[in-house]
Amino acid sequence: GTSEDQKLFGQHDVRYMDSTTPTNGGNFSVFNNTISSNMSSVVEILIPQNTDGSYNLLPNSNNLPLDYSWSYQSTAIYAPRVSGAQRLSNYNTLITRGTEGRIIEIDINKTIIWQYDIPLEVNDVFKSYRYAKSYPAFENQDLSKLNIEIE
């Protein structure tokens with residue numbers, strides 16, 4: 001592309017959303033760090049595929065997406081570097097504001113439904129993951145010490 005149609009600015013944490021990912025299997029999600037001087041976004045991009053499921057990687061093949069399949073932008077997630085996002089099985093999106101050590105969950109309507117600020121002086125967090133309470137590593141572990149509600 002060119003500077004006129006540029007879509008990504010300092011991107012981090014590109015993830016392929018396969019058919020097991022709720023909504024838009026086949027898309028890529030990415031944390032788009034600096035879309036402006038005080039705003040970042042999380043976007044999903046559908047890269048055109050060939051009929052066999054492969055991608056046309058030839059230079060100048062004009063296979064760039066024209067727009068995002070889905071996006072969320074906000075000053076609440078602004079981070080000039082690091083950061084990430086994960087689409088959850090309940091269709092929500094877990095967003096890591098890496099330079100602030102803030103983890104935010106938004107619902108399908110892009111409403112913040114949960115937020116956690118990591119209580120450290122220096123909070124450079126690349127990305128976070130959400131695991132179900134039934135995740136095997138939690139078996140026989142006392143999670144009550146976390147002092148947060150666990151689903």
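Predicted model: local features only at pLDDT ≥ 70, side-chain atom pairs only at ≥ 80, totals over all residues.

Visitor: How many helices and strands does the protein have?

Guide: Both are DSSP runs numbered from the N terminus, with helices being H or I of at least four residues and strands E of at least two. From the N terminus on, the elements run β-β-β-β-β-β-β-β. The count is 0 helices and 8 strands.

Visitor: What is the strand order in the open sheet of 4 strands?

Guide: Two strands pair if DSSP finds at least two bridges between them. Strand 3 and strand 4 run antiparallel and are joined by 5 bridges, with serine 41 opposite glutamine 73 in strand 4. The pairing in the open sheet is antiparallel, and the order is 1-2-3-4.

Visitor: Which residue takes a positive phi in the hairpin of strand 5 and strand 6?

Guide: Strand 5 and strand 6 (residues 93-97) run antiparallel and are joined by 4 bridges. Glycine 84 stands opposite threonine 96 in strand 6. The hairpin has 5 residues between the strands, and the positive phi, near 75°, belongs to tyrosine 91.

Visitor: Are the faces of strand 5 buried or exposed?

Guide: Buried means under 20% relative accessible area, exposed over 50%, and partly exposed in between (1.4 Å probe, protein chains only). Gly84 and Gln86 lie on one side of strand 5, and Ala85 and Arg87 on the other. These four residues put both faces in one class: buried.

Visitor: Which strand gives the largest share of the lining of the largest cavity?

Guide: A cavity is a set of points on a 1 Å grid over the protein atoms alone where a 1.4 Å probe fits but cannot get out, and lining residues have an atom within 4 Å of a point. The largest cavity is lined by Met17, Ser29, Val42, Glu44, Trp70, Ala85, Gln86, Arg87 and Thr93. Two elements give two or more residues to this lining, strand 3 (39-45) and strand 5 (84-87). The largest share, 3 residues, comes from strand 5.

Visitor: How much space lies in the largest cavity?

Guide: The structure holds 1 cavity of 30 Å³ or more. A volume is the space filled by probe spheres set on the points, which are joined across faces, edges and corners. For the largest cavity this comes to about 50 Å³.

Visitor: What is the relative accessibility of serine 29?

Guide: Serine 29 is in strand 2 (residues 28-36). Contact means heavy atoms within 4.5 Å, and not counting residues up to four places away in sequence, serine 29 touches Asp13, Val14, Arg15, Met17, Val43 and Glu44. Serine 29 counts as buried, at a relative accessibility of 8%.

Visitor: What is the relative accessible area of tyrosine 116?

Guide: Tyrosine 116 is in strand 8 (residues 112-117). Its C-alpha atom is separated by 8.4 Å from that of glycine 101, 15 residues apart along the chain. Tyrosine 116 is partly exposed, with a value of 31%.

Technical notes: Residues numbered from 1 in each chain as written. Heavy atoms only, no water. 1 Å grid on protein atoms, 1.4 Å probe; cavity = no way out; pocket = protein on both sides within 12 Å on 5 of 7 lines; lining within 4 Å.
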